[in-house]
Amino acid sequence: MDFYEELRYWRFWPVFILAFFYPMNNSLINLAVPIYYFQEGYSTQIIGFIAAGSTYTYLFSPILLDKVSQRIKRRTSIIGSLVGVFLVEIIFYITLQPIPFLISRIIEGFFMGLYWPNLQSSISDNIFHEHSKLTAKYNISWNSGILCGFLLGAVILFVFRALLLIFYVAPLLIFINLIVAATAFQEPKKINKHSKEFQRYLKEKESLTLAQAVKIKQERDDFMKISFSVVYPILLIISYCITRATINFLYPIKSELLNFEAYSVYIASFFFALSQIISMIIASLMKLKFFKIIPILSLIITVIMVPILGLNTNYWIFLILFFIIGFCTGILYGVSLRLLLMLNIKKNTSRYSAFLESLIGFGFLIAPIIAGFIAEINLELTFTLLDGVLLLSTITLLFLAIKKVKISV
């Protein structure tokens, strides 16, 4: 293995597993919460506060803990996070009363601030990594985790007809992640164009001057070919979050009102996640010239589909709508993730990963709370208001795409 291969080598498969099992855990719990507490007779306002769960603290914990992540190793941060999450999720085995359950989820959200930003930043720590390919694999991983979580939930509810079993299985997935992080996660080499390793690489490549090597790197890497306002990916990720969080909250309740079987909620959500993983892979590998138009087209389609979702009562149409909307939201997330990772690489920082996760926390916090209050008045009205917010976001993004996004390809 030559010096370049040594700089480039990194064992990615533990990241793939770590990004797989945590979303699997979340997809089990997040759908079970509205169903369980609605069956227990709680109002949609209370369920909205409970469903927001970990996002109360995850709203700020990625940014608050960013400096901690910079001072300690990625591996230490991830292990510490998983230990904390596993310990607080043990409360599921003791009680599911609203207050202890919510406190457990709030504490979990704080520990999550050390998890996802470090997992994402491990991809962008090394300038020699193939960032587009690793980002695609990362997106495949966590989306596959969501898919498998929905399938597992459907199987548990179909076979055992026991919703409580969902809450008992979920913490075991965190324990598996803890073992993988402690035994297999490889700390990435932190190398940028100013690092001594990069300078040594240039010296070994005698035919290249520093300026030439940097220019080649700029031409090869996507992040040097595009300039954009940071508001652009922010709006994309917020649009993604409020759409996913609102539908995740409302559909289980609507399915109860329509007398659908509980396992069917997980199957419908599986189709949502399936199309999302397809579109995120596309977004991860998408040419930059499509970054202006494709996300906006995705939002326009979502704006058209959401009112239909609110009025529909046919289960099979739900599956079709979920597949279409899931594809659109996957584009929104995939493009925003790539843009913010580009900023990480450009400025040699992980703060944009922390910022991304805080934005996700913000979206998944406010959406179920607001939806819970509105749904108590009228469930379909909630879908209408969601559509209005998405329409406003579409108009703003269209303006930004024309004025602020420039691509030199």
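A residue is called buried when its relative accessible area is under 20%, exposed when over 50%, and partly exposed in between (1.4 Å probe, protein chains only). By this rule Arg-105, at 3% relative accessibility, counts as buried. The structure shown is a predicted model, in which local features need pLDDT of at least 70 and side-chain atom pairs count only at pLDDT 80 or more, whereas totals for chains, interfaces and linings use all residues. Residues are numbered from 1 along each chain as its sequence is written, and side-chain values use heavy atoms, with hydrogens and water left out.

The overall composition is considered first. The protein has 19 helices and 2 strands; helices (H or I, at least four residues) and strands (E, at least two) are DSSP runs, numbered from the N terminus. Of its 409 residues, 58% count as buried. The accessible surface comes to about 17000 Å², and 68% of this surface belongs to carbon and sulfur atoms; such areas come from the Shrake-Rupley method with a 1.4 Å probe, and for residues only the protein chains shown count as cover. A contact means heavy atoms within 4.5 Å. Among contacts between residues at least 6 apart in sequence, 87% join residues at least 24 apart.

The interior comes next. A nonpolar core is a set of buried Ala, Val, Leu, Ile, Met, Phe, Trp, Tyr and Cys residues joined through side-chain atoms within 4.5 Å. The largest such core has 118 residues, of which Leu-119, Tyr-138 and Tyr-333 touch the most other members. Helix H17 (residues 315-347) gives the largest share of this core, 16 residues. Leaving aside neighbours within four places in sequence, Leu-119 is in contact with Val-15, Leu-18, Ala-19, Ile-78, Tyr-138 and Phe-185.

In helix H3 (residues 44-52), the buried residues are Thr-44, Ile-47, Gly-48, Ile-50 and Ala-52. Their cover includes helix H2 (13-39), helix H4 (55-58), H8, helix H14 (231-257) and helix H18 (351-377). Just after H3, Gly-53 takes a positive phi of about 40°. Thr-57 lies in helix H4 and counts as buried, at 11% relative accessibility. Not counting residues up to four places away in sequence, Thr-57 touches Ile-106, Gly-109 and Phe-110.

Cysteine residues may be examined for disulfides, a disulfide being a pair of cysteine sulfur atoms within 2.5 Å. The count by this rule is 0. Cys-241 is buried, with a relative accessible area of 0%, and Cys-328 is buried at 3%.

Charged side chains provide a further theme. Side chains of opposite charge can pair when their charged atoms come close. A salt bridge is a side-chain nitrogen of Lys or Arg within 4 Å of a carboxyl oxygen of Asp or Glu, and the structure holds 3 of them. One joins Glu-108 and Arg-105, with an N to O distance of 3.1 Å. These two residues are separated by about one helical turn, because they are 3 residues apart in helix H8. Glu-108 is buried, with a relative accessible area of 0%.

Another salt bridge joins Glu-261 to Arg-161, with the closest N and O atoms 3.2 Å apart. This pair links distant parts of the chain, 100 residues apart: Glu-261 is in the loop between H14 and helix H15 (262-285), and Arg-161 is in the loop between H10 and H11. Glu-261 is partly exposed, with a relative accessible area of 43%. A further salt bridge is formed by the side chains of Glu-380 and Lys-254 (3.7 Å, N to O). Here helix H19, which holds Glu-380, is linked to helix H14, which holds Lys-254, across 126 residues of the chain. Glu-380 is partly exposed at 32%, whereas Lys-254 is buried at 4% relative accessibility.

Finally, the surface also carries nonpolar residues. Val-83, Leu-87, Ile-90, Tyr-93, Ile-94, Leu-164, Tyr-168 and Leu-172 make a nonpolar surface patch of about 710 Å². Patches are made of residues with over 30% relative accessible area and no salt bridge, with like charges joined within 9 Å and nonpolar side chains (Val, Leu, Ile, Met, Phe, Trp, Tyr) within 5 Å. Helix H7 (74-89) and helix H11 (164-183) are the elements that give two or more residues to the nonpolar patch, and H11 gives the largest share, 3 residues. Ile-94 is in the loop between H7 and helix H8 (98-112) and is exposed, with a relative accessible area of 65%.
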